[in-house]
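The following questions and answers work through parts of one structure.

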Amino acid sequence: MSGPNYLDLPHADVARGVVALPGSKSISNRVLLLAALAEGTTEISGLLDSDDTRVMLAALRALGVGLDERGGGQVTVRGAGRFPVPSADLFLGNAGTAVRPLTAALAMLGGDYRISGVPRMHERPIGDLVDALRALGAGVVYEGNAGYPPLRIGEAALRAGGQVSMPGSVSSQFLTAMLLAAPLYTRRTGTPLVVDIVGDLISKPYIEITLNLMARYGVDVERQGWSRFTVPAGVAYRSPGAITVEGDASSASYFLALGVIGGGPVRVTGVGRDSIQGDVAFARTLQDMGAHVDFGPDWIESRGVRVGRGERLRAFDTDFNLIPDAAMTAAALALYADGPCRLRNIGSWRVKETDRIHAMQTELAKLGAGVSAGPDWLEVTPPAVSAWRDAEIGTWDDHRMAMSMSLAAFGPVAVRILDPGCVSKTFPTYFEVYAALVGGEERP
């Protein structure tokens with residue numbers, strides 16, 4: 001985003017319109033990697049254009065994967081079942097959906113690779129994944145602090161009959177990475193790979209996305225509850241020929257929230273009743289807060305209250321373990337509730353693009369909310385009308401902080417968003433789309 005490094009949001013009172021969602025980040029980067037590792041050519045449509053997908057595309061090119069980008073989310077990937085280039089230095093920004101799966105895939109194949117990112121990525125843990133890869137015989141070395149990138153990946157001496165254990169409480173991306181790379185292991189060793197999860201697995205809907213997409217590429221994973229996953233021997237990825245990326249359900253949450261606090265209706269297209277993304281469950285949170293939400297096969301529409309007229313949403317006390325990204329939108333909506341709101345089981349926020357619990361606590365408090373937090377919870381008491389304060393909202397180099405906190409413009413104060421360009425990670429045009437939906441007080 002060009003211009004000053006801040007954005008003053010005009011006071012908003014109403015919101016209505018239709019939004020065609022950008023492609024899902026989670027699906028986009030998974031599909032790119034699967035297409036690269038599959039035999040055959042995949043025609044991808046609806047691919048997200050963002051920082052995270054750009055670094056994945058750049059990494060795949062550096063690894064020798066044949067790619068043709070035609071614009072408008074259309075990409076052709078010529079897979080070869082492997083990476084043709086045996087040595088590369090890959091910079092992956094702050095894209096967890098690229099760093100974790102590529103680490104696992106490269107470690108299974110072996111070679112001479114280096115993986116690095118921005119300073120924040122070097123603070124995001126990867127030790128549980130590396131431990132599991134090493135247990136299988138992969139050569140992964142920390143170049144800095146143990147347990148964190150940057151990483152050096154060498155030749156792999158994979159051991160047959162693989163069975164590894166991984167904690168499930170830090171990030172579901174570790175399991176996703178291991179599962180996506182598992183067919184490379186089974187092909188090289190001729191034996192299955194069994195992954196056991198220790199403790200509770202967080203963010204299960206993201207694992208369901210992984211399993212669904214692996215099946216589209218011809219690999220079915222055997223699952224015993226959420227505690228054991230088995231990838232059979234003799235499997236290999238095969239291109240489905242063509243695949244369409246759904247609209248991003250996490251991004252949908254901001255617009256559905258606008259419809260809830262700005263009267264609506266606001267409709268998002270590209271994701272709906274038939275979605276494979278767990279974040280569509282955020283609609284239930286909105287319903288619990290008193291909103292009206294309707295579904296079609298590939299659209300969702302919300303209508304709600306007019307907070308500018310003093311109407312309020314119902315307070316909530318909710319476990320957000322399954323939808324941690326969309327939960328940030330709920331935290332911002334808590335500003336307009338009729339009582340304290342509690343978000344539980346959000347410990348994964350601590351290891352995202354920033355420590356989101358700390359960041360959200362800090363920024364909501366600037367606006368006058370009462371906010372308290374613990375290791376895996378956040379409680380927000382909405383400000384009284386007289387307690388609202390003008391605020392410069394820090395975004396902490398976190399796209400979801402910027403997008404969720406845009407909802408604060410419906411309060412009775414001036415709101416400035418610092419570093420609005422951070423939304424380029426997943427939704428470069430977010431604030432333009434937002435501005436097309438919202439407006440000031442309607443005239444009779």
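A polar contact is a pair of N or O atoms within 3.5 Å, where within protein one must be able to donate a hydrogen and the other to accept it. The model is predicted.

Q: Which side chain does a polar contact of 3.2 Å join to that of Asp 325?
A: The cut-off for a polar contact is 3.5 Å. Asp 325 touches several residues beyond four places away in sequence, including Ser 250, Lys 352 and Arg 400. The side chain joined to Asp 325 at 3.2 Å is that of Tyr 206.

Q: Is Asp 325 buried or exposed?
A: Asp 325 has its place in helix 9, residues 324–333. Buried means under 20% relative accessible area. With a relative accessible area of 9%, Asp 325 is therefore buried.

Q: Which strands stand at the edges of the open sheet?
A: The sheet has 4 strands in the order 4-5-3-14, with mixed pairing.

Q: In which sense do strand 3 and strand 5 pair?
A: Strand 3 covers residues 39–45 and strand 5 covers residues 74–80. Ile 44 stands opposite Val 75 in strand 5. Over 6 bridges, the sense of the pairing is antiparallel.

Q: What angle does the direction of helix 2 make with that of strand 4?
A: Helix 2 (residues 51–62) packs on the sheet and touches strand 4 and strand 5. The angle between the directions of helix 2 and strand 4 is about 145 degrees.

Notes:
Residues numbered from 1 in each chain as written. Predicted model: local features only at pLDDT ≥ 70, side-chain atom pairs only at ≥ 80, totals over all residues. Heavy atoms only, no water. Pairing = 2+ DSSP bridges. Helix = DSSP H or I, 4+ residues; strand = E, 2+ residues; numbered from the N terminus. Contact = heavy atoms within 4.5 Å. Axes fitted to C-alpha atoms, helices over the stretch in contact; angles between N-to-C directions. Buried < 20%, exposed > 50% of the residue type's maximum accessible area, 1.4 Å probe, protein only.
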